[in-house]
Amino acid sequence: MTEGPTDRATDPATRAAREYRRLLVTGGAGFIGSCYVRDVLGRRDGTEITVLDKLTYAGNEANLASVRADPEADARLRFVVGDIADRDVVNDLVRDVDAVLNFAAESHVDRSILDPEAFLVTGVIGVHMLLEACRTAPQRPRYLQVSTDEVYGSVAEGHSREGDVLAPRSPYAAAKASGELLVRSYVVTHGIDAVVTRGSNTYGPYHHPEKLIPLFVTNAIDDLPLPLYGDGLQRRDWLYVSDHAAGIDHVLRHGRTGETYNIAGGVEMTNRDTVGLLLKHLGKPWSLVRHVQDRPGHDRRYAMDGSKLSELGWRAQTTFEDGLTQTIDWFVENEPWWRAARTGDWDAYYERQYGQRLRTAT
Ligand code: NAD
Ligand code: TYD
């Protein structure tokens with residue numbers, strides 16, 4: 001999305017005067033969504049949030065425990081367990097808010113290779129239900145779609161810009177790109193007020209231990225092998241979670257209708273170097289690392305140009321060294337949280353994803 005209509009309902013000048021006091025945050029029990037909820041309610045500026053979350057294996061109400069423990073913030077939080085693909089639930093909730101922020105998604109690339117269906121139901125049908133609800137709600141809420149740099153596909157050189165062609169290469173990235181295209185179509189055809197953010201690889205406290213950094217930190221704590229895909233020279237641009245949440249809030253409040261904004265961490269690292277840093281911080285040896293069979297279709301490099309959002313006044317605040325230290329310390333101090341996340345289908349998933357890989361590792 002690069003341009004949108006400029007009728008009165010979506011005119012940025014009209015929108016600028018509007019406050020977003022009552023928010024619907026979908027996926028607010030997940031990693032980034034819960035950070036957004038904690039940070040916004042922690043500002044004590046009167047914002048009220050309704051969270052709609054299906055509580056999949058990745059959603060955890062305990063991620064909002066600090067809000068629950070603070071009576072002033074808790075009074076401004078409502079939690080609804082439900083599915084964004086459920087029309088009735090969504091219609092009901094969207095009518096009561098000034099803005100909808102859609103964090104809800106299946107978020108793990110490896111699971112999208114094993115079992116893609118839920119990615120499509122949430123990423124396409126779910127987004128469609130939210131957009132329809134925004135289109136028909138009398139107060140015309142603003143809609144923000146949380147998307148990802150993975151929609152650009154692998155970037156051989158240079159940095160992706162918002163107008164670049166979308167070239168997703170995993171079912172996860174394809175579902176996210178599909179969601180974005182639906183948003184674009186509703187802006188153009190129906191004149192809804194919507195913006196899209198594309199965040200880079202995010203890390204921090206409450207990150208589900210299936211992802212690279214928390215998986216390797218928690219495995220290393222237990223002296224378990226660390227399954228590094230291929231040569232480990234893939235490159236990712238890392239963004240600390242509270243910076244990502246702040247970038248999303250900035251786009252909600254300052255983004256122009258119909259526009260897309262990259263939220264870049266500006267920290268490009270090979271996976272090998274990231275793993276080296278985290279092992280050093282934990283005082284664990286490199287010998288824990290196993291080079292395992294690569295992920296099919298593995299994107300070699302992500303890198304985004306973040307200048308469009310910096311022109312709006314946003315900048316990442318956290319260096320990779322500080323963010324990684326805070327993240328590792330949080331996992332060391334919050335063992336019950338991550339051990340609980342490694343229950344349920346964890347063992348079955350782990351065996352399916354890593355069993356054969358680790359048995360044939362070099
Ligand atoms: P996550 O998996 O930790 O959380 C997703 C949340 O959505 C969970 O609480 C889950 O229960 C909920 N959910 C899933 N399907 C739902 C449905 N149908 N209805 C209602 N709730 C549902 O994911 P995350 O890492 O916090 O990612 C949040 C968003 O940010 C996603 O849209 C993701 O694509 C995007 N994103 C993530 C990253 C990253 O590095 N983690 C980077 C860029 C963008
Ligand atoms: P991940 O955290 O899954 O994020 P994404 O695939 O969305 O970038 O993976 C980050 C990088 O780490 C990616 O290049 C894949 C790699 N990786 C491994 O090498 N081993 C693993 O076990 C995992 C989960 C990821």
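Tutor: Helices (DSSP runs of H or I, at least four residues) and strands (runs of E, at least two) are numbered from the N terminus. The chain here has 15 helices and 12 strands. The model is predicted, so local features need pLDDT of at least 70 and side-chain atom pairs 80 or more, while totals for chains, interfaces and linings use all residues. Residues are numbered from 1 along each chain as written, chains are lettered from A and ligands numbered from 1 in written order, and side-chain values use heavy atoms, without hydrogens and water.

Student: Which residues line the largest pocket?

Tutor: Lining residues have an atom within 4 Å of a point. Here they are E106, R111, L114, D115, A118, F119, D345, A348, Y349 and R352.

Student: Which helix gives the largest share of that lining?

Tutor: α15 does, with three residues. The helices α6 (109–114), α7 (117–136) and α15 (346–359) each supply at least two.

Student: How many of the lining residues are charged?

Tutor: Five are charged (Asp, Glu, Lys or Arg). Another five are nonpolar (Ala, Val, Leu, Ile, Met, Phe, Trp, Tyr, Cys or Pro), and none is polar (the others, Gly among them).

Student: What box does the chain fill?

Tutor: Along the principal axes, its C-alpha atoms fill roughly 60 × 45 × 35 Å.

Key. On a 1 Å grid over the protein atoms alone, a cavity is a set of points where a 1.4 Å probe fits but cannot get out, and a pocket is an open set with protein on both sides within 12 Å along at least five of seven lines; lining residues have an atom within 4 Å of a point.
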